[in-house]
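Please read this short report alongside the sequence and the model. It moves from the whole chain to single residues.

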Amino acid sequence: EDSPALPRLPSGLRVDGHLNLHECTGLAALPVALRVGGVLRVSSCDSLAALPERLVAQEGLLVWACATLARLPRQIHTPVSLSIYDCNALTALPDGLHVEELSISYC
């Protein structure tokens, strides 16, 4: 469901399964040390400029069409897959990134 007015997520948020954030246009940041046991999907969140430090997405991180996303965190734990699509402001990946599968398109 679209959530354009959601300004923030609670600090210390932990999700045992998957977390999907789609068209949360008012969401400027995610909480530091966000922990997702499944896949974290972030798409069309146009105010989001960066992902938080110490982000954990156990089964994968998918970031699609986030126009202002300029950087990924230095400390990111997503051992299975990282997929980035149509994030034109992104200029680099963090040093030491280690994933099983990496997909980057239209960035």
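The sections below cover the fold, the surface, the cysteines and a few loop and strand residues.

## Basis

This is a predicted model: local features need pLDDT of at least 70, side-chain atom pairs count only at pLDDT 80 or more, and totals for chains, interfaces and linings use all residues. Residues are numbered from 1 along each chain as its sequence is written, and side-chain values use heavy atoms, with hydrogens and water left out.

## Overall fold

The chain has zero helices and nine strands. Its elements, read from the N terminus, run β-β-β-β-β-β-β-β-β. Both kinds of element are DSSP runs, numbered from the N terminus: helices (H or I) need at least four residues, strands (E) at least two.

Along the principal axes, the C-alpha atoms fill a box of roughly 35 × 30 × 20 Å.

Contact means heavy atoms within 4.5 Å. Take the contacts between residues at least 6 apart in sequence: 2% of them join residues at least 24 apart.

## Burial, surface and charge

Of the 107 residues, 41% are buried. Buried means under 20% relative accessible area, exposed means over 50%, and partly exposed lies in between (1.4 Å probe, protein chains only). The chain exposes about 5900 Å². Carbon and sulfur atoms supply 49% of that area. Accessible areas come from the Shrake-Rupley method with a 1.4 Å probe; for residues, only the protein chains shown count as cover.

The chain carries 7 positive and 11 negative charges, and their mean positions are 12 Å apart. Lys and Arg count as positive, Asp and Glu as negative; His and the chain ends are not counted. Each charge is placed at NZ of Lys, CZ of Arg, CG of Asp or CD of Glu.

## Cysteines

A disulfide is a covalent bond between the sulfur atoms of two cysteines. Here the criterion is a pair of cysteine sulfur atoms within 2.5 Å. By this rule the count is zero. Cysteine 24 is in no disulfide; its nearest cysteine sulfur belongs to cysteine 45, 4.5 Å away. Cysteine 24 is buried, because its relative accessibility is 3%.

What is the closest cysteine sulfur to that of cysteine 107? It is the sulfur of cysteine 87, and at 5.1 Å it is too far for a bond. Cysteine 107 has 44% relative accessibility, so it counts as partly exposed.

## Serine 44 and alanine 65

Serine 44 sits in the loop between strand E4 (39-43) and strand E5 (55-57). Its relative accessible area is 18%, so serine 44 is buried. Not counting residues up to four places away in sequence, serine 44 touches His22, Glu23, Cys24, Thr25, Trp64, Ala65 and Cys66.

Alanine 65 lies in the loop between strand E6 (60-64) and strand E7 (76-77). Its relative accessible area of 24% makes alanine 65 partly exposed. Phi of alanine 65 is near 55°, a positive value in a residue other than glycine. With residues up to four places away in sequence not counted, alanine 65 touches Ser44, Cys45, Asp46, Tyr85, Asp86 and Cys87. Alanine 65 and cysteine 107 are 42 residues apart along the chain, yet their C-alpha atoms are separated by 9.3 Å.

## Around strand E5

Arginine 54 is in the loop between E4 and E5. Its phi is near 60°, a positive value in a residue other than glycine. At a relative accessible area of 47%, arginine 54 is partly exposed.

Valine 56 lies in strand E5. Is valine 56 buried or exposed? It is buried, with a relative accessible area of 11%. Leaving aside neighbours within four places in sequence, valine 56 contacts Leu34, Arg35, Val36 and His77. The C-alpha atoms of valine 56 and glycine 37, 19 residues apart along the chain, are separated by 7.8 Å.

## Proline 79

Proline 79 belongs to the loop between E7 and strand E8 (81-85). It counts as partly exposed, at 29% relative accessibility. Neighbours within four places in sequence aside, proline 79 is in contact with Ala57, Gln58, His98, Val99 and Glu100.
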